[in-house]
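Q: Can we walk through this one together? I'd like to start with the inside and then look at the sheets and rings.

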Amino acid sequence: MVVLAASIISKSGKALVSRQFVDMSRIRIEGLLAAFPKLVGSGKQHTYVETENVRYVYQPIESLYLLLVTNKQSNILEDLDTLRLLSKVIPEFSASLDEEGICKYAFELIFAFDEVISLGHKENVTVAQVKQYIEMESHEERLHKLVLQSKINETKDVMKRKANEIDKSKIERGKMDKGGYSSLQSMGSMGSIGRMDSGFGNDTGISSGNNFGSGSGFGLSSDIDSFSTKSKGKASAAVSAPSKGMGMKLGKNQRANQFLESLKAEGEVIVEDVRPSGNPGSRSAAPPPTDPITLTTEEKLSVTLKRDGGVSDFDVQGTLSLQVLNQDDAFIQVQVASRDNPEIKFKTHPNINKELFSNENILGLKDPNRPFPAGQSGDGLGLLKWRLQSKDESDVPLTINCWPSVSGNETYVNIEYEASSMFDLQNVVISVPLPALREAPNVKQIDGEWRFDSRNSMLEWSIVLIDDSNRSGSMEFVVPPADSSVFFPISVRFSATTTFSDMKVVNIVPLKGQGQGGSGPKFTQRTQLVTENYQVV
């Protein structure tokens, strides 16, 4: 007996799975399988049919045929035995006996056919043995995986220990930097330390950054913290450190430029000459203040949108910070105004007069004879915080709709954005995950610019400005077949010059010195809305 091929075909003769056990061209096997439905007569109960060259031994399985193509000299009884065994094996691997189920488990079925038939002859096996052979359970393989996993866990532990050691060394270096700076300032600043420390009690002082600190008052510690942070940030941001015995080199050498160009060619984003900040990438570095007083209003937006519509999470956290250049201008009060929204919850610092703020919207210290600290780094001193949480989709400044659809051997992805009229959004970047691709996707249509990050397999859609001229836009691109979940989560980042609270500084009220009783000192207000975590999941 010689079995030429074992196949599963549709009623029309379409080959779903076919395994040949002798040398046979594709054209011949397709011709033999296509001719079979024409040879099977309706109403006949035979299990085989013959032609001049071959014999078809078949068995209907629901809407399909299980078919053996043999030569005419083979033993028909052995062929029927082989056919019965294959008919029992197929349901073990494909639960649904239709075209979709057979095609889904095509490789498993081919492997099973190989276990039943070898070189055209039936093997002496049972269904249980075939299933066991296909599963290929191996004790050595399991042991190898356990050893490999233990090595991975051990490597992770070593990495954690190294990371802890690095963090400890950074902390020690920071303490040394503080100590060295304090010793340099101790001789010439004894009088100023006493005067500055006496400005506030030791229970709640104001430290550097956006918040009031504790335990040090308006003292030199603020300057020391900013000095050490600034020095460490500059050292980490440098592209190449100067070598020993040489002065500082400005710019980059030719080798560094070549390295950066190669990274750009691979899809990496190279950002040069960016001042380090507490939250990298959240916003651009603000220019140094030139006016005597600068107030910074910043809101950070965190939004999680559902891909089918609706808001899963919406959170806005805002801060108002004060920066004073000179101590003479620090005897002030700040009068503010904001949008009347009961959902916005405000919170002042403990050193701020809460009753004055509640009644007159004025931010002033509890003791008006004490000045605000001057010369603070960054955005200065945090005076006021607020928070807004909502589930209303109308509050979302930018909504994203993603529609992947498979057509043949391609997946068409249509993405649309709709922006609220409340904000003009700047530097909008919509990042869409992609399946692993060798080449960039085929972008059919886009409102804006696009960039393919091959290393992270990400398509970035960029719009410089979204205003009344382009409140909505779309993009369409084509990739190979992929599941719709591959294109999520979609991350979005942008900035705006207006905020949800519409916090504005109305006036600066001087308490001492120049301007008392008249116009206040000159001041500048900076306002920015930035995204912290904005996703469509």
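**Inside, sheets and rings**

Q: Which residues does Leu398 touch, not counting residues up to four places away in sequence?
A: This is a predicted model, so keep that in mind. Leaving out residues up to four places away in sequence, Leu398 touches Leu305, Tyr417, Glu418, Ala419, Leu425, Val428, Ile466, Val492, Phe494 and Tyr534.

Q: Which residues of the largest nonpolar core touch the most other members?
A: Leu398, Ile430, Phe477 and Phe487 do. The core has 64 residues.

Q: And which strand gives the most to this core?
A: Strand β9, residues 311-324, with six residues.

Q: What about the second core, how many residues does it have?
A: It has 28 residues and is separate. Ala6, Ile117, Val125 and Val130 are among them.

Q: How many bridges pair β14 and β15?
A: There are 10, and the two strands pair in the antiparallel sense. Strand β15 covers residues 410-419.

Q: What is the strand order in that open sheet of four?
A: The order is β14-β15-β20-β17, with antiparallel pairing.

Q: Which are the edge strands?
A: β14 (398-407) and β17 (442-446). Each pairs on one side only.

Q: By how many degrees are neighbouring strands of this sheet turned on average?
A: By 15 degrees against each other, direction ignored.

Q: New topic: the open sheet of five strands. What is its order?
A: It runs β2-β1-β5-β4-β3, and the pairing is antiparallel.

Q: Which strands sit at the edge there?
A: β2 (15-20) and β3 (48-50), each pairing on one side only. On average, neighbouring strands of this sheet are turned by 20 degrees against each other, direction ignored.

Q: What holds strands of a sheet together in general?
A: Strands pair through backbone hydrogen bonds, either parallel or antiparallel.

Q: OK, zoom in on β3 and β4. How many bridges join them?
A: Three, and the strands run antiparallel. Strand β4 is residues 54-61. A hairpin joins β3 to β4 through three residues.

Q: What lies between β4 and β5 in their hairpin?
A: Two residues. Glu62 in the turn has a positive phi of about 55 degrees.

Q: Why is β4 called largely enclosed?
A: Six of its eight residues are buried, so the rest of the structure largely encloses it.

Q: Which helix lies across β1, β2, β3, β4 and β5?
A: Helix α1, residues 26-39. Helix α1 runs at about 65 degrees to β4. Helix α4, residues 106-116, lies across β1 and β2, at about 30 degrees to β2.

Q: Now rings. How many aromatic pairs does the structure hold?
A: It holds 11.

Q: Why is the pair of Phe36 and Tyr58 edge-to-face?
A: Their planes are at 65 degrees, and over 60 counts as edge-to-face. The ring centres are 5.1 Å apart.

Q: Where in the chain are these two?
A: Phe36 is in helix α1 and Tyr58 is in strand β4, 22 residues apart. The pair links distant parts of the chain.

Q: Are they buried or exposed?
A: Phe36 counts as buried, at 0% relative accessibility. Tyr58 counts as buried too, at 8%.

Q: Which residues form one aromatic cluster with Phe36?
A: Tyr56, Tyr58 and Tyr65.

Q: What sits over the ring of Tyr65?
A: The charged end of Lys11, 4.2 Å from the ring centre.

Q: And which residue lies over the face of Phe488?
A: Arg307, at 4.0 Å from the ring centre.

Conventions:
Residues numbered from 1 in each chain as written. Predicted model: local features only at pLDDT ≥ 70, side-chain atom pairs only at ≥ 80, totals over all residues. Heavy atoms only, no water. Core = buried A, V, L, I, M, F, W, Y, C linked by side-chain atoms within 4.5 Å. Buried < 20%, exposed > 50% of the residue type's maximum accessible area, 1.4 Å probe, protein only. Contact = heavy atoms within 4.5 Å. Pairing = 2+ DSSP bridges. Axes fitted to C-alpha atoms, helices over the stretch in contact; angles between N-to-C directions. Phe/Tyr/Trp six-rings, centres within 6.5 Å; stacked < 30°, edge-to-face > 60°. Lys NZ or Arg CZ within 6 Å of the ring centre and 35° of its normal.
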